[in-house]
Amino acid sequence: MKKIKYLVMTVVIATLAACGTTSTVPLTGRARQISISDAELLSLSKTQYAKFMSSTKKSTNTKNTQMVTRVGRKLANAVETYLRNNGYANEVKNFQWEFNLVQDKQANAFCMPGGKIVVYEGLLPYTQNEASLAIVLGHEIAHAVAKHSAEQITKQKNQSVGTAILGTVLNSTVGSGTGDIVSSVASTGLSLLNLKYSRKNEKEADYMGLIFAAMAGYDPQNAIPFWQRMAASSKGAPMEFLSSHPSDANRIKNIQGWLPEAMKYYQASKRR
């Protein structure tokens, strides 16, 4: 019994030690723990972004490329204004915005830490207009503003510390090989927890992105028909429990609940 108590305490102490610093997410106020510095994350992002761009082809459609840049810049300006006016001015320096439309038939887009935004050409048939594109880019920008990547890295580091120590302690207290088995099982469980954690991040990004789009002057009501179009194309998608994203039905339901608040930001943007 004493050995088990010692094992639990060791894992808990080691995991807590790796947790990092606590801060709050802009707009939502949620507490987050991050153990990777902005400099480290931005360096990693810059390297991976450059690698991605060197392996893909930019769109040759000038009109659509200009649209992506225009929408992205309006969102970036709105986000930076919000950060400066709400106590997050020190975060603005972390963004060096870049917008690219690439030749790929996937209906996808992403924003890496630091504001490196990529839109795939395959997304445009679903967005159909600038406001719907703003909903998607707002969501991706929200991931960067909320530092979801840094949170995930921190969580993985903490889990690695915990499972490694768990295996080592069990091998020494119970018997050789036992810890390896338990660590493997623990890692599987943590992987499922990460999927749930990612869904929470996705929900937060949906909310923040909707508000960011409204702040930038795009009607957030476009989010509903956009996600309905996406839902119609995603038949056979995995159950929500096994997905890192909310189900289309839950996503649309959440957005409907947030629309009254988002519309206030949209109306305010029209008065400026």
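Modeller: Let's start with terms: helices (H or I, at least four residues) and strands (E, at least two) are DSSP runs, numbered from the N terminus. By that rule the chain has 9 helices and 5 strands, and Y120 has its place in strand β5.

Biologist: Where do the values come from?

Modeller: This is a predicted model, in which local features need pLDDT of at least 70 and side-chain atom pairs count only at pLDDT 80 or more, while totals for chains, interfaces and linings use all residues. Residues are numbered from 1 along each chain as its sequence is written, and side-chain values use heavy atoms, leaving out hydrogens and water.

Biologist: Why is Y120 called buried?

Modeller: Buried means under 20% relative accessible area, exposed means over 50%, and partly exposed is in between (1.4 Å probe, protein chains only). Y120 has a relative accessibility of 7%, so it counts as buried.

Biologist: And what makes F52 partly exposed?

Modeller: The relative accessible area of F52 is 21%, so it is partly exposed.

Biologist: Which residues does Y120 contact, beyond its neighbours within four places in sequence?

Modeller: Contact means heavy atoms within 4.5 Å. With those neighbours left aside, Y120 is in contact with F52, L101, V102, D104, Q106, N108, A109 and F110.

Biologist: What makes F52 and Y120 an aromatic pair that is tilted?

Modeller: Rings of Phe, Tyr and Trp (its six-membered ring) pair if their centres lie within 6.5 Å; planes under 30 degrees apart count as stacked, over 60 as edge-to-face, and the rest as tilted. The structure holds 7 aromatic pairs. In this one, the centres are 6.4 Å apart and the planes make 50 degrees, hence tilted. F52 lies in helix α2 (residues 38-54) and Y120 in strand β5, so the pair ties together parts that are 68 residues apart in sequence. F52, F110 and Y120 also form one aromatic cluster.

Biologist: Why is the pair of W97 and F99 called stacked?

Modeller: Their ring centres are 6.5 Å apart and their planes lie at 5 degrees, so the pair is stacked. W97 is buried at 12% relative accessible area, and F99 counts as buried at 11%.

Biologist: How do you know that K74 lies over the face of Y218?

Modeller: A charge sits over a ring if NZ of Lys or CZ of Arg is within 6 Å of the ring centre and within 35 degrees of the ring normal. K74 lies over the face of Y218, at 4.5 Å from the ring centre. Likewise, R251 lies over the face of W227, at 4.0 Å from the ring centre.

Biologist: W227 is in α8 too; what makes the buried residues of α8 line one face?

Modeller: The buried residues of α8 are A223, I224, F226, W227 and M230. Seen down the axis of α8, they fall within an arc of 160 degrees (taken from the directions from the helix axis to the C-beta atoms), so they line one face of the helix.

Biologist: What counts as a nonpolar core, and which residues touch the most other members in the largest one?

Modeller: A nonpolar core is a set of buried Ala, Val, Leu, Ile, Met, Phe, Trp, Tyr and Cys residues joined through side-chain atoms within 4.5 Å. The largest has 57 residues, and L75, V119, L133, M208 and F212 touch the most other members. Its largest share, 10 residues, comes from α5.
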